[in-house]
Amino acid sequence: MRTHRCGELRKVHVGQEVKLGGWVHRRRDLGGLVFVDLRDRDGIAQVAFGPDAPEVLAVAASLTPETVVSVRGLVAARPVGQANPEMPTGEIEVRATAVEVLGPAATPAIPVARGKGEELAAEELRLRHRHLDLRRPELFRNLELRHRLLQRARAELAALGFLEIETPILTKPTPEGARDYLVPSRVHPGEFYALPQSPQIYKQLLMVAGFDRYFQIARCFRDEDLRADRQPEFTQIDVEASFIGVEDVYAVTEAVLVALWREAGHEVTAPFPRMPYRDAMERYGSDKPDLRIGLEIRDITGLIGPESGEFLRAAAQRGERVRAIVAPGGAALSRKDFDQLTEDAKTMRAAGLLWAKRSPDGVTGPGAKALGPTMASALGLADGEAVLGCVGADAVVLPALGRVRLELARRLKLPPATRHAFVWIEQFPMFERDPETGVLVPMHHPFTAPHPDDRAFLASDPERVRSMHYDPVYNGVELGSGSIRIVDPALQQQVFDRLGLTPEEVQQRFGFLLEGLRAGAPPHGGIALGFDRIAMLLAGAESLRDVIAFPKTTAARALFEGAPVPARKEDLDVLRLGVAK
């Protein structure tokens with residue numbers, strides 16, 4: 001039905017007869033002339049309808065926005081002075097000889113394919129009419145980039161000898177740190193499948209089976225509270241390999257990420273720097289530090305002296321730490337800025353924020369007296385700088401200052417030192433305490449191998465044990481997570497014991513994994529990269545919803561189709577289920 005796409009026409013096509021199909025983007029009626037901007041996936045072409053074909057002109061004059069039409073005509077150069085340099089097709093127009101309405105359109109519920117200066121409709125309205133919103137060129141470019149990134153990842157991993165293997169979507173509940181989506185079984189009343197939070201156990205079993213190198217563009221599901229960078233269903237690039245160590249996983253991952261960034265038009269280099277988890281927390285207050293900015297956190301407990309505030313001296317005697325950030329240019333911040341930064345610290349459970357700033361008149365601010373002249377001098381506070389600190393336990397102070405650090409960079413408009421800052425965060429703790437119950441839980445998942453140097457502490461001091469877990473981070477955003485896995489069934493059982501799982505729980509939840517490990521498991525490990533997040537970053541989008549064709553809202557609702565919905569009684573009866581009131 002078409003000889004060309006609208007967006008591909010250029011001066012080289014002048015004199016050719018073409019047939020186009022697309023949507024009426026805009027119509028301009030000049031009396032005896034009608035101009036229609038015809039839009040398809042590749043772009044827009046101007047179609048001119050003149051008085052030499054009155055029947056065709058009459059149809060053109062009646063066309064409404066978003067009507068789907070077929071146009072036949074001759075490609076001609078635009079008259080002198082009428083070229084549009086802002087359009088790739090701006091040097092030509094199609095002089096129509098025939099037009100046919102293929103799909104009449106009702107008045108669009110939202111503006112479509114906005115131009116410069118046009119405001120978007122509210123996001124919920126756009127999600128409700130997603131079929132119209134997807135006609136925006138920005139969203140098409142995002143999804144086209146997503147397609148290219150997927151193909152590039154597949155090609156890169158296939159070239160490295162990885163096999164693409166699909167794992168089940170209907171599986172059993174696994175402890176991945178979030179709630180499972182459950183699917184009732186009709187043929188086994190009272191029993192449920194779970195949608196996978198990841199293919200973790202399956203990919204380990206593929207290594208046990210001898211497939212050596214596996215990858216999958218995996219659909220995963222987590223029933224958790226949402227944010228701009230989370231969706232209840234998401235896509236990850238899932239990778240696992242045998243007879244490898246950490247360096248091998250890093251090399252494969254870096255090869256894939258460098259290829260993806262290159263596909264999006266960015267040249268980045270590997271290897272990426274590495275940083276232990278403890279260093280990341282102490283220097284940046286985050287396990288996903290943005291290394292484009294400085295503002296490192298300093299431990300200033302040792303600078304506390306007799307002239308320092310009493311509460312600082314008391315905190316040091318209790319074994320608490322005083323940590324601070326020295327911010328160049330921070331003295332220019334207003335009292336309101338410091339108040340808001342204090343609130344940012346409090347949202348991370350800090351008691352408050354100690355701050356002072358230095359000007360030619362000296363050190364001023366609420367924290368000046370507490371610091372005292374000796375401490376302020378030891379900090380090396382220069383004119384125009386400010387110091388912002390917190391007092392307390394590391395578990396509170398470091399994340400609080402990590403939040404303050406990012407807000408400071410934003411308020412001071414600090415220029416990034418580089419566009420692309422990759423880093424591997426490694427040597428995470430293997431266990432942590434649940435903040436509500438105090439129960440020992442895995443920081444990531446229970447299949448991560450302990451660091452060889454710390455294995456002796458597994459029984460006596462489990463919180464001291466580092467794991468063989470690693471996360472690639474880019475510009476302060478975690479791109480994924482991975483680890484070297486436990487392959488010794490006795491060690492895996494020991495980890496389950498440390499987590500307080502009974503033999504019955506272990507057998508019921510992980511029996512098939514232990515059975516596989518007992519069959520002879522090679523050393524293996526892997527990684528899962530958050531593909532939606534990568535696509536969002538490379539597209540320069542503000543939200544994951546801008547790189548997913550049909551996303552959910554932050555309330556986990558699909559507005560376009562209206563899901564979720566109450567189940568019909570007859571469907572529940574078949575499943576032998578009821579809904580509690």
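This is a predicted model: local features need pLDDT of at least 70, side-chain atom pairs count only at pLDDT 80 or more; totals for chains, interfaces and linings use all residues.
I kept to local features with pLDDT of at least 70 and side-chain atom pairs at pLDDT 80 or more, while totals for chains, interfaces and linings use all residues. Residues are numbered from 1 along each chain as its sequence is written, and side-chain values use heavy atoms, without hydrogens and water.

**Barrel.** I looked up the strand order and found five strands closing into a barrel as β1-β2-β3-β5-β4, with mixed pairing. Strands here are DSSP E runs of at least two residues, helices H or I runs of at least four, both numbered from the N terminus; two strands pair if DSSP finds at least two bridges between them. I then checked β1 (residues 17-29) against β4 (residues 68-77): they run antiparallel and are joined by seven bridges. W23 has V68 in β4 as its bridge partner.

**Salt bridges.** I counted a side-chain nitrogen of Lys or Arg within 4 Å of a carboxyl oxygen of Asp or Glu. The structure holds 46 of them. I looked at E123 and R545, whose side chains meet at 2.8 Å, N to O. The two lie 422 residues apart, E123 in helix α2 (residues 123-128) and R545 in the loop between α15 (531-539) and α16 (569-575).

For burial I used relative accessible area: buried under 20%, exposed over 50%, partly exposed in between (1.4 Å probe, protein chains only). E123 counts as partly exposed because its relative accessibility is 29%. R545, at 9%, counts as buried.

I also noted the salt bridge between E138 and R136 (3.7 Å, N to O). E138 is buried at 19%, and R136 is buried at 5%.
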